[in-house]
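The points are grouped by topic.

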Amino acid sequence: MIRFENVSFSYKDNEVILKNLNFEINKGDFYFVTGQSGAGKSTLLRMLFMSLVATKGKVSIFEQDVAQLHKEDVAHLRRRIGIVFQDFRLLDNLSIFQNIALPLRVLGQRAEDYQVDVIELLEWVELGKHLNNYPPFLSGGEQQRAAIARAVVAQPDLLIADEPTGNVDPELAQRLLRLFIELNKLGTTVIIATHDISLMREFHVPRLTLQNGYLTEGGYF
Amino acid sequence: MITQDKNNFLTGAEKKPAMHVESKFSLISVSGMARNSLFVLMMILSLLVSMSIGVGLLVNKVMTVWVKDIVNEATVEIRPVVGVSMENQTKEALKILSQTPGIGTIKVLDDLKNKELLKPWLGETDIIDELPLPNLISVVIADANQFNAEHLSEQLTQNVIGSSLDTHDRWQSELKNFGLLLNNASSSVIFLIVLTVVIIIVFATRAVMTGSQQIIEVLSLVGATDNFIIHQVAVYFLRMSFFATFVGVIPCVTIFIILGNFYNLQQSLFIHFIPLSMGDYLIILLSSPLLSLITLCTASLTSYSILKKSNGM
């Protein structure tokens, strides 16, 4: 499903952020991406959702060489990917319901068709009473859950989450992780960037560890 | 643990009835002040375009009526000549005219009518009574194919002293030129306004795209294609433009209806107001969707060029 072959990445005229990465993630896998701050986790995730293109090597997502893709192809591939950003990226001028419905709207679904599903999902992440509220009026944890709901609403083949438990209490963090596991059981490939050691200890999933731009494939805790 | 009930959206279990939510929403929008200003601007430009179209149509109608009035008419003028009886010369002219093929009615304008014709230029004054006025014979041409103006002019010159034939050619030509000038002026105004609309929409689209940077970025990340984003921008401008231009066209139509029905200027020599037809009103009303279409195309092309420049990654 995802294949990195001798992949390096650097911003223009800057030092190399990712160095010679080689790994493969198959359909239905669940991975943690770990590493210290500045190790390149976010850069790696951005390459996974095709926001950045490798400066060297080959990245394949859904068996397609990202470097060869046109803008339209990237857009169509992204419809199969759910992304949870560290800074949530909820749109302040849209209600929580509308934010969550965004991927379905992009997929061309009609409001009448997705309304019930979105409300159910919001109730699932315990935001049912906030569906007509706007993101600035929600707490960090609530925004986090809304961001997760938006990422999973279209039932993506691949879920990428950048520090999805960073703004929530440990109890909620565990619940969110269980949500990801449930999605994974339904066939979604999940990749989570985190430096939450306790979470990694509790949930025994393989991890990819980044150190100084190099990838060290870790074992189980 | 996630309960089965909470897991409905994944498992496709029975769906609950929907709560009230604002499920239909515009992704691209402009905040208050800028939106209102743009609306008013489009409304004013639409009013100007529709007024220009209306004036153009009116000028065409008036010109058509004027030219039609004079194209089938000719005037024989018999100027007073010392030692020559104007009455006799008039009789001779009438005789020639009655024998000329293609002529319908012949009417000698009396002194009173002659003086009335001069009143718009000279006003109510006694000087008119003292002026040596020519005799005028109004000729209505019944059959333009049979009527030979050149031959008639020759005959009158040879047989009637001080006479001349005016077929109103110069008037016709000047009226046509004047009408053309007004039409060109009206078209130029319309062109300039449309150009202004295009420029305003280009700037507005750029502003909207810049202001919606975060929205566009998120849309791209959830899989929106450029076409989807362009569609959102274009639909926003189309809606705004359609309402604004429609609101702009309504006062214009009202003005022309009022002028056509209540403002009677038919007495005036120069301003001969003719009410616009339903077809004319339709043309004026069509300026609203036309301007909206121009707005749609401009917004689409502008957003397309902006998105094309960005790498979209």
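Angles between axes under 35 degrees count as roughly parallel, over 145 as roughly antiparallel, 65 to 115 as roughly perpendicular, and the rest as oblique. The model discussed here is predicted. Two packed helices are described by the angle between their axes and the distance between the axes.

**Helix α7 against helix α10 in chain B**

- Helix α7 (residues 169-211) of chain B packs on helix α10 (residues 278-309) of chain B at an angle of about 40°, and their axes are 9 Å apart.
- The crossing in which α7(B) passes α10(B) is right-handed.
- On the side of α7(B), the contact is made by Val194(B), Val197(B), Val198(B), Ile201(B), Val202(B), Thr205(B), Arg206(B) and Met209(B).
- On the side of α10(B), the contributing residues are Leu291(B), Ile294(B), Thr295(B), Thr298(B), Ala299(B), Thr302(B), Ser303(B), Ser305(B), Ile306(B), Leu307(B) and Lys309(B).
- Sorted by class, the contact of α7(B) with α10(B) comprises 11 nonpolar, six polar and two charged residues.

**Helix α3 against helix α6 in chain B**

- The axes of helix α3 (residues 86-99) of chain B and helix α6 (residues 149-159) of chain B cross at roughly 150° and come within 10 Å.
- Because angles over 145 degrees count as roughly antiparallel, α3(B) is roughly antiparallel to α6(B).
- Here too the crossing, in which α3(B) passes α6(B), is right-handed.
- From α3(B), the residues Gln89(B), Glu92(B), Ala93(B), Ile96(B) and Leu97(B) meet Leu152(B), Gln155(B), Leu156(B) and Asn159(B) of α6(B).
- The residues of this contact between α3(B) and α6(B) divide into five nonpolar, three polar and one charged.

**Chain B overall**

- Chain B has 10 helices and four strands, arranged along the sequence as α-α-β-α-β-α-α-β-α-β-α-α-α-α.
- Of the 313 residues in chain B, 38% are buried.
- Considering contacts in chain B between residues at least 6 apart in sequence, 85% link residues at least 24 apart.

**Helix α2 of chain A**

- In helix α2 (residues 71-78) of chain A, the buried residues are Val74(A), Ala75(A), Leu77(A) and Arg78(A).
- Viewed down the axis of α2(A), these buried residues fall within an arc of 165°, so they line one face of the helix.
- The buried residues of α2(A) pack against β4 (56-61), β5 (64-65) and β6 (81-84) of chain A, and also against α8 (213-221) of chain B.

**Ile2 and Ser60 of chain A**

- Ile2(A) belongs to strand β1 (residues 2-10) of chain A and is buried, its relative accessible area being 0%.
- Neighbours within four places in sequence aside, Ile2(A) is in contact with Phe23(A), Glu24(A), Ile25(A), Leu48(A), Ser60(A), Ile61(A), Leu158(A) and Ile191(A).
- The C-alpha atoms of Ile2(A) and Asn14(A) are separated by 26 Å, the two residues being 12 residues apart along the chain.
- Ser60(A) is located in strand β4 of chain A.
- Since buried means under 20% relative accessible area, Ser60(A), with 9% relative accessibility, counts as buried.
- When residues up to four places away in sequence are not counted, Ser60(A) touches Met1(A), Ile2(A), Arg3(A) and Asp65(A).

Note on methods
Residues are numbered from 1 along each chain as its sequence is written. Chains are lettered from A and ligands numbered from 1 in the order in which they are written. This is a predicted model: local features need pLDDT of at least 70, side-chain atom pairs count only at pLDDT 80 or more; totals for chains, interfaces and linings use all residues. Side-chain values use heavy atoms; hydrogens and water are left out. Axes are lines fitted to C-alpha atoms, for helices over the stretch in contact, and angles run from 0 to 180 degrees between N-to-C directions. Helices (H or I, at least four residues) and strands (E, at least two) are DSSP runs, numbered from the N terminus. A crossing is left-handed if the near helix is turned anticlockwise from the far one by less than a right angle, and right-handed if clockwise. Contact means heavy atoms within 4.5 Å. Ala, Val, Leu, Ile, Met, Phe, Trp, Tyr, Cys and Pro count as nonpolar, Asp, Glu, Lys and Arg as charged, and the others, Gly among them, as polar. Buried means under 20% relative accessible area, exposed over 50%, partly exposed in between (1.4 Å probe, protein chains only). The arc is that of the directions from the helix axis to the C-beta atoms.
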